[in-house]
Amino acid sequence: MPIPADWPTTEAEALAEQERLRALVEPYGPGPADGDLVAGVDVAYDDERDLVVAAAVLLDHSTLEVVEEATAVGRIAFPYIPGLLAFRELPAVLDALAALTRTPDLVVCDGYGLAHPRRLGLASHLGVLTGLRTYGVAKTPFTFTSSAPGPERGAWAPLMDVPAGEGQAEEVVGRAVRTRNGVKPVFVSVGHRIGLDEATASTLHLARDYRQPETTRRADSLCRRALTDLQRASA
């Protein structure tokens, strides 16, 4: 999964690339089957050294047992600009995924898919670049709105893009999903090659014991440990 040679380096180039890739997103498809391998990916930053550490943790979707782990370290590839975070994170994420010896059937990102101003959050971007089935689970609704889902686990409410101008229709871009009774919801959005119903069901399965999916928890922990080890080694 090589990084494209023409990886954007400016805001204008990145915006143009998002507009090009958004037409390639397939916001539908099946969920994972028994025995499928599902990867969680996440990143941690060392801003002082201009480094990003990415982690990919591969789980058995049925049992949630860890099958394989990999990390990658790289230079931060793009400046911080809201809505363009994928261009900072994806090079290292792609390297971490490439370091796995098995290809995941599904990748769950700590972030957004279609719940993005240009409908190309990190999960969708990653899916289009790799062809992998992807979706995003975020802790906050970004710039979108939703009513509160019911208090019980499994309740959900649509995540809506409500345009500011007149004459434009509202659009469902994801769901606020309650993964634990009485606990704040997470925000699920399709990435690529999976439907919203299927992504919601997968999220609830992966979030069996905690608010966040096990994929996200494991990848977050791994990239933080890897960053700590890197900083200690260079101290």
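Student: Where is the place of R193?

Tutor: R193 lies in the loop that joins strand 8 (186–192) to helix 4. Helices (H or I, at least four residues) and strands (E, at least two) are DSSP runs, numbered from the N terminus. The model is a predicted one, in which local features need pLDDT of at least 70 and side-chain atom pairs count only at pLDDT 80 or more, while totals for chains, interfaces and linings use all residues. Residues are numbered from 1 along each chain as its sequence is written, and side-chain values use heavy atoms, with hydrogens and water left out.

Student: What is the phi of R193, and is the residue buried or partly exposed?

Tutor: R193 is not a glycine, yet its phi is positive, at about 65 degrees. For exposure, buried means under 20% relative accessible area, exposed over 50%, and partly exposed in between (1.4 Å probe, protein chains only). R193 has a relative accessible area of 30%, so it is partly exposed.

Student: Which residue other than glycine has a phi near 65 degrees?

Tutor: L64 has such a positive value. L64 sits in the loop between strand 2 and strand 3, and with a relative accessible area of 7% L64 is buried.

Student: How many helices and strands does the chain have, taken as a whole?

Tutor: The chain holds five helices and eight strands. In sequence order they give the pattern α-β-β-β-α-β-α-β-β-β-β-α-α.

Student: What radius of gyration would a compact globule of 235 residues have, and what does the chain have?

Tutor: The radius of gyration is taken over C-alpha atoms, and the globule rule is 2.2 Å times the number of residues to the power 0.38. For 235 residues the rule gives a value near 18 Å, and the chain agrees, with 17 Å. Along its principal axes the C-alpha trace spans about 50 × 45 × 30 Å. Of the 235 residues, 51% count as buried.

Student: Why is helix 2 described as largely enclosed by the rest of the structure?

Tutor: Helix 2 is so described because 11 of its 14 residues are buried. Those buried residues pack against helix 1, strand 1, strand 2, strand 3, strand 4 and helix 3.

Student: Which members of the largest nonpolar core touch the most other members?

Tutor: A nonpolar core is a set of buried Ala, Val, Leu, Ile, Met, Phe, Trp, Tyr and Cys residues joined through side-chain atoms within 4.5 Å. The largest such core has 31 residues, and V41, V93, L97, V107, C109 and L126 touch the most other members. Helix 2 gives the most to this core, with eight residues. L126, leaving aside neighbours within four places in sequence, is in contact with L90, V93, L94, L97, V107, C109 and T134. A second, separate core of 29 residues includes V177, L206, A219 and C223.

Student: Where is S202 found?

Tutor: S202 is found in helix 4 (residues 196–206), and is buried at a relative accessible area of 2%. Apart from neighbours within four places in sequence, S202 contacts P32, H61, L106 and Y135.

How values were computed
Contact = heavy atoms within 4.5 Å.
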